[in-house]
Amino acid sequence: MGTNLLFVPGNNPAMVQNAGILGADIVIFDLEDAVAGDQKDAARSLLKNALESMEYEGCETSVRINAMDTLHWEADLRTVAAAGIDGLVIPKAEHSDDINTISGILDSIPEANEIFLIPLVESALGVENVYQIAASSKRIRGIFFGAEDYTADIGTVRTKGSKEILWARGRIVNGAAAAGVEAIDTPFTDVEDIEGLKKDTLFAKALGFDGKASISPRHCGFIREIFYPEDEEILYASRVMDTVKEAEKAGKGVASMDGKMIDKPIVLRALKVLRAAGIKEDFKYE
Amino acid sequence: MNKIKASLKSAIEAVGLESGMTVSFHHHLRNGDFVMNMVMDEIADMGISDIRVAASSFFPVHGRMVRHIKSGVVTALDCNYMSGPLAEAVTSGMLEKPVMFRTHGGRSRAILEGSLKIDVAFIAAPSSDSMGNLNGVRGPSSCGSLGYAMADARMADTVVAITDNLVVYPNGPSSIDETSVDHVVVVDSIGDPAGIVSGTTRVTRDPVGHVIARHAADVIEASGLLKDGISFQTGAGGASLATAHYLRDKMVSQGIKGSFGMGGITGFFVDMLEDGLMEKLIDVQCFDLEAIRSIRQNPKHIEVSASHYANPSAKSCAVESLDVVVLGATEIDTDFNVNVLTDSSGNIMGGSGGHSDTAQGAKLTIIVANLLRARLPIVVDKVTSKVTPGETVDVLVTERGIAVNPIRIELKESLQKKGLPVKNIDELKEIAEKMAGKPRKVEFTNRVIGMVEYRNGEIIDKLYQSVKE
């Protein structure tokens with residue numbers, strides 16, 4: 001999926017126009033929190049026109065639609081799905097049924113065949129149900145953890161130390177991994193604190209997250225740098241995949257490299273490394 | 001000997017200013033300058049007319065010059081930069097004679113060789129003693145370097161220093177000394193500190209500017225010039241200053257120490273000097289309070305004249321020792337010619353300043369610019385005004401790609417090897433036009449309103465009055 005996702009206000013023409021060059025792997029055009037209630041229609045219209053006329057080379061595009069307890073979400077979904085978008089971020093995801101509803105609508109829109117979903121889990125209930133949400137649809141690319149709303153929901157204060165979200169982060173990573181999708185960490189909200197961003201991103205990577213969202217283009221490069229694998233890792237992962245594919249072609253049940261057996265965890269780790277490096281690998285582990 | 005004159009009027013009388021003469025001013029007080037207006041108002045009150053005003057720059061604060069043009073007091077202008085109401089008036093064709101637009105280095109050349117003859121130089125001085133030893137580093141209207149006034153002081157027939165800070169003789173350091181100064185006039189105030197310098201110069205928060213700046217810093221690294229002893233100049237605004245920040249990060253991480261930073265000096269360069277990342281600063285103009293503090297205190301922060309900075313006829317000048325310069329543009333054409341004088345509609349909004357000087361002198365000249373500005377493509381078939389010739393420009397860096405001048409084929413290969421997003425300049429033009437459409441051509445009359453003089457004295461373009469709809 002790529003390692004860094006960038007929120008861009010859906011009602012800011014200059015930002016929408018330039019979103020593709022800011023260094024994000026996935027741009028999230030925001031129709032939810034960034035847009036005031038009386039601006040929702042205008043922002044949706046702006047995005048429709050931008051998606052239909054602009055070329056966003058070098059990144060994938062997604063839209064955070066409004067939550068399903070509002071009047072806007074379905075119009076958001078139908079408009080941007082038809083206008084040409086790569087993915088949708090579903091806020092306040094708490095139940096697999098909600099994802100199924102959205103998947104069903106997308107299935108009825110011819111232009112929406114390839115659209116992926118990233119449920120944004122940002123409540124206590126959502127964190128409890130993370131595996132069911134992550135496993136609810138083939139369209140799901142990853143689970144995105146939203147710590148600001150989550151901490152408000154559990155009645156604690158969000159801090160830079162992030163101890164209050166440690167358990168939820170772990171559960172998100174675990175639920176996503178169990179469902180075979182990626183885990184995306186919450187944005188680091190202090191735009192000026194680059195050292196803090198780096199520390200927080202390194203910690204998220206160590207927990208098992210595959211990427212991190214940001215609210216500032218300044219953060220994209222740092223996040224990518226941290227999640228981007230080292231050259232040696234990419235080389236090793238490529239060798240692992242070559243070896244596994246050769247063994248498969250030769251009908252060997254077991255592949256080995258450098259005198260060691262290549263088992264499933266090694267292959268999965270190699271695939272993850274290549275994915276983080278933006279290298280496409282079609283291999284499916286049987 | 002008493003050089004002090006009781007008033008501006010008595011000084012003007014003493015120098016024998018007459019109709020038809022040329023007076024000059026420097027622009028170190030920038031948009032806080034009181035001196036040009038007070039002198040020109042006095043000249044008008046004295047009934048003198050047909051004056052040519054040769055100022056290193058005109059700012060919005062000099063809008064009162066428009067009334068002197070209307071009344072015939074001022075009939076000719078000569079400068080390196082012009083913005084504000086005066087620029088609008090000249091654009092509208094108010095002045096009969098074309099304005100001469102020069103470069104910082106070209107102006108000093110013209111003065112020193114005598115092709116720009118100055119009868120009276122009025123020099124705003126933040127600090128002066130009774131005999132005319134002047135500096136810009138002390139006093140309520142401090143501006144730092146007085147580099148742009150030095151050629152005027154040396155070559156004008158008569159020199160009047162105007163100060164609001166008379167100090168005990170001898171004043172030191174003396175950027176301009178008493179051997180050049182005829183008269184000293186003390187006034188209440190020569191300028192508004194808020195308009196002279198900014199408190200601190202901040203790096204842009206514009207994310208697109210940062211994308212451009214990161215690419216520009218990568219270009220410098222890929223060029224091979226990022227090594228011990230590097231020298232560079234950047235502008236004080238937008239992506240230019242942001243480029244300097246990214247370059248600084250690279251220098252720190254790679255343990256590189258530069259030789260000098262140059263130009264309009266900001267607190268950013270002062271920090272580099274004080275942090276040991278630069279050996280010296282060469283300063284023709286200070287942009288902020290930190291720069292003024294530094295030039296006052298630090299012997300490694302060197303004040304230079306505009307001639308030392310960029311005079312192409314001098315035996316040598318500092319721009320010739322420059323490795324890298326990062327500059328802006330209002331337009332750039334597919335031959336890499338750059339316009340920094342007018343907008344795409346032909347409205348005067350700036351000038352070369354040191355643009356053409358540094359572009360020719362530096363080993364690597366980078367133009368940083370948003371591909372679209374106010375919905376207009378910045379890359380065009382032909383610039384509205386050619387100010388800096390394309391053969392002196394090496395690279396254009398935009399947010400949607402980097403174009404290398406075909407005359408720098410080896411540089412293009414280096415950038416490609418580093419994986420930078422290199423495109424042909426025509427491709428960038430097409431991208432911009434695809435997004436914004438091809439702008440309608442602006443129609444111009446045959447009336448010449450300005451002449452663009454290159455740093456060597458050659459007229460390389462003329463400004464025409466546009467057809468008003």
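Three strands of chain B form an open sheet with mixed pairing, in the order S17-S16-S21. Its edges are strand S17 (338–339) and strand S21 (379–380) of chain B, each of which pairs on one side only. Strand S16 (residues 331–333) of chain B runs parallel to S21(B), and two bridges link them. Within this pairing, Ile332(B) has Val379(B) in S21(B) as its bridge partner.

The structure is a predicted model. The ipTM is 0.76 and the pTM is 0.88. Chain B has an average pLDDT of 95, and 99% of the residues score at least 70.

A further open sheet of chain B holds 10 strands. Their order is S1-S10-S9-S6-S2-S3-S4-S5-S24-S25, and the pairing is again mixed. Strand S1 (4–5) and S25 of chain B are the edge strands, each pairing on one side only. Strands of a sheet pair through backbone hydrogen bonds, in either the parallel or the antiparallel sense. Both senses occur towards the S25(B) end. Strand S5 (residues 99–101) of chain B pairs with strand S24 (residues 444–453) of chain B in the parallel sense, over three bridges. S24(B) then pairs with strand S25 (residues 459–466) of chain B in the antiparallel sense, over six bridges. Met451(B) takes part on both sides of S24(B): Met100(B) stands opposite Met451(B), and Lys462(B) in S25(B) is the bridge partner of Met451(B). S24(B) and S25(B) form a hairpin, with five residues between the two strands. In the turn, Gly457(B) has a positive phi of about 100 degrees.

Elsewhere in the sheet, strand S6 (residues 120–125) of chain B and strand S9 (residues 158–163) of chain B run parallel and are joined by six bridges. Ile123(B) stands opposite Ala161(B) in S9(B). Beyond its neighbours within four places in sequence, Ile123(B) is in contact with several residues, among them His26(B), Leu134(B), Ala149(B), Val159(B) and Ile176(B). The contacts of Ile123(B) also include Asp152(B), Ala153(B), Ala161(B) and Ile162(B).

Ile123(B) also belongs to the largest nonpolar core, which has 231 residues. Ile123(B) is listed there among the residues with the most contacts inside the core, together with Ile143(A), Val35(B), Ala216(B) and Ile367(B). Helix H8 (residues 207–222) of chain B gives the most to this core, with nine residues. In soluble globular proteins, nonpolar side chains tend to be buried together.

Chain B is assigned two domains: domain 1 (4–196) and domain 2 (207–441). The centres of domain 1 and domain 2 of chain B, taken over C-alpha atoms, are separated by 29 Å. Domain 1 of chain B brings 28 residues to the contact, and domain 2 of chain B brings 31 residues. On the domain 1 side, helix H4 (85–91), helix H5 (104–113) and helix H6 (150–155) of chain B are the elements that give two or more residues. H5(B) gives the most to this side, with seven residues. By class, the domain 1 side divides into 12 nonpolar, 13 polar and three charged residues.

The contact between the chains takes six residues from chain A and six residues from chain B. The side of chain A that touches chain B has three nonpolar, two polar and one charged residues.

Technical notes
Residues numbered from 1 in each chain as written. Chains lettered and ligands numbered in written order. Predicted model: local features only at pLDDT ≥ 70, side-chain atom pairs only at ≥ 80, totals over all residues. Contact = placed C-beta atoms within 7 Å. Nonpolar A, V, L, I, M, F, W, Y, C, P; charged D, E, K, R; others polar. pLDDT = per-residue confidence, 0-100. Pairing = 2+ DSSP bridges. Helix = DSSP H or I, 4+ residues; strand = E, 2+ residues; numbered from the N terminus. Domains from an automatic or database assignment. Core = buried A, V, L, I, M, F, W, Y, C linked by C-beta atoms within 7 Å. Buried ≥ 20, exposed ≤ 12 C-beta atoms within 10 Å, placed from the backbone.
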